Structure formats: structure tokens, C-alpha cells
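Reader: I'm new to this one. Could you walk me through how to read it?

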Amino acid sequence: MHPWSWWAWALGVAAAVSLTTSPLLLALVALAVTAVVLLRRGDAPWARSIGAYFVLAGMIIAIRLFFQVLVGAGMGSTTIITLPEVELPDWAAGIRLGGPVNAEGVVYATYEALRLGVMLLCLGAANALANPKRALRSVPAALYEASVAVVIALSVAPQLIQSVQRVRRARRLRGGAASGWQAVKAVVIPVLADAIDRSLALATSMEARGFGRTRDQAAPSPWLTLGLVVSTMAATLGVFVLLGSSGTPWQGLALLALGVAGTVLGLRASGRRLSVTRYRPDPWTPRDTLVAACGLTAFAVAIVANSPIWPAAFDAFHPSIDPLVWPDLHPLMVVVAGLAAAPLALTASPIPVRRPA
């Protein structure tokens, strides 16, 4: 699979998740994304990083609930428990510590934290499925400098996880029995040293291969730069109109389409002035198009569900908090979850790598 097809699928599903607070849909999407990762990931080190994103999502939910209980606003009237309240001075009016904990506020915080956790899980799925080195080779030529920084930043978490696993395995082989804070210190320092060594090795290899030394062309045209800026702003404004403005969805779609088209044409024009070569470029196949279209279609379905033309779908995608109601399962939710799991049917299971005994 092309690495950017996985990223298009994951970003589309994450955008669809951002348009709902229904715990049923969030749970279905999380299960679908997890199934795709577990059944379609390879044998590379970064493919084992999905567990860390689960831990991070759990931490987000726990922290959000903790602060909601401790300093949450008095949303709703169904009191679950009353905590001892701390009296604050007059200059801290509007802020409370402790006091009554209402069910409406806890449910609202849970929905919001669960949505953020599932979005993070979608990005973790893209990190686990897409090869960052192959993704680096597949960016437009005009963005090759920025793509180096972006791809290296995206691969930091998988590399740190790999370093932690390697250091812990080495400590077990040496009989390290430290626990608690001593174990943390014994792992952190070797991991940081390994990260520095990897950075120096990467810089040396890029320098040895002459990275960035073929830029002998003229400076880009100011009109081309201005066109790229205007196209990017139009695409951003279109996304804003689609997600949060009171304008009609067609206006947002038109701005987004014009902005994306202008950006693509500008990048192609900028790339022609650079003599950037590619070694064995990854082909974009129809299967990659289908996988990317699954995520984008899920996003489109979520936009339709949030439009005023379908009130029942909007109520299902955003269950009421005050008064509390049990979430309903709408058919469009099943469609979104099915599109999130569609890569299972469109892709083949990776061939396991045979390792020596």
C-alpha cells in the first residue's frame, strides 16, 4: 500500500470523528481502526506503536474527567456526589474547587475526551500502517525540505517506543531488577542517548548522500508564492465554513475545492524548477485510491449527518446532555464505521517476514 493512502484514510476518519460526540459511533470507529491496524500492519518496529496511542488516549480521558470533577462548571442538576469545596478569594470568582459533581458535566467531559482519544487513535493507526521513509519519498518536489522535518517528527514516537523496548530487553538480559523510579531512570537515560545517536546517524547519512545540494535553480516567482498562499487560505476558509460557520455547506465545499485545486497546481509549478530525483518511486494504484476514498467518504457522510437537512441524524450524532438521553444508533453511523473498516476488504494481509531461529 502507498503510505499516503493510509494517511488519507486515517485523516478522513479522524475528521469524521471530530463531527460527532456519540459514544456508540466513537466505539465503533475505534474498534474498526484497531482491527485494521492489527490485521494489516507489517513487521516493522513502528507497526507496534498502536499500544502507546491507546495509553495516551486513556490518559487524555482520565485527565479530562479528573479536571471536570475537580474544577468543572456546574452543568446540569443531577448530582452524583458532593466533594468538599475549597473557598477561593474574590479575585477567583467563577472558579470552584470541589463541590457538587453533576452527571451531565461528567457525561459531557467523557464524550469530549472520548472523541479526542479516538482522533488520536486514528493518527496512531496511520503511524503504525504507513512507512515513514516511503512517505518521505512520495511528497511533492516543492515540499521536499518541509517534508523531511514533518516525516522525521512523525517518526519520533515509533522510534522512541522501539528504543524503550530495546533498552528494557537489554536490562532483562543483564538481570536488571530495579523497580519504581530507579527503573525509570535506568531506561530514560539510555533512550535519550539512543535518540541522539540516531539523530547524528541520520544527519551523517543525509550529508553523505548530498541531500539538498541540487538547488541551483532560480528563486520562485513571487506571483506563484502569492497564489499558493491565497489557495491555502481559501482551503482553510472552506474547512472553517464546513465545520463551524453558519454559511451553507456548498459555499465551504466550493472554497475547499478551489483552494485544493490551486494548491495542487501551484505545487506542480514549483516542483518543475527543482531537480529532485526519486529512487524507485511508489506507484499509486487503484486500490490506494479506494482506501483513501473510504476515509474521505466517511468524512462526507459525517458532514451530511451534521447538516440541517437531516435532523434525526444530527440528534443521533450529538446526543443530548441536558437532559441526559441514551445514545441512539443511526444507520449513517454504521456507514461511517463500515467505511473505517473497509480497508480490511480492500487490502491483503501482509506477508510475515521469516526471521532466523
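**A buried serine and a helix pair**

Author: Let's start with serine 22, which lies in the loop between helix 1 (3-17) and helix 2 (23-40). Helices here are DSSP runs of H or I with at least four residues, and strands are E runs of at least two, numbered from the N terminus. Keep in mind that this is a predicted model, where local features need pLDDT of at least 70, side-chain atom pairs count only at pLDDT 80 or more, and totals for chains, interfaces and linings use all residues. Residues are numbered from 1 along each chain as its sequence is written, and side-chain values use heavy atoms, leaving out hydrogens and water.

Reader: Is serine 22 buried or exposed?

Author: Buried means under 20% relative accessible area, exposed over 50%, and partly exposed in between (1.4 Å probe, protein chains only). Serine 22 has 0% relative accessibility, so it counts as buried. Leaving aside residues up to four places away in sequence, serine 22 touches Ala316, Phe317, Pro319, Pro327, Asp328 and Met333; contact means heavy atoms within 4.5 Å.

Reader: And how do I read a pair of helices?

Author: Two packed helices are described by the angle and the distance between their axes. Axes are lines fitted to C-alpha atoms, for helices over the stretch in contact, with angles from 0 to 180 degrees between N-to-C directions. Here, the axes of helix 11 (residues 286-305) and helix 13 (residues 331-341) come within 8 Å and cross at roughly 165 degrees. Helix 11 and helix 13 are therefore roughly antiparallel, a label for angles over 145 degrees.

Reader: Which residues of helix 13 make the contact?

Author: Leu332, Val335, Val336 and Leu339 of helix 13 meet Cys294, Thr297, Ala298, Val301 and Ala305 of helix 11.

Conventions: Parallel < 35°, antiparallel > 145°, perpendicular 65-115°, else oblique.
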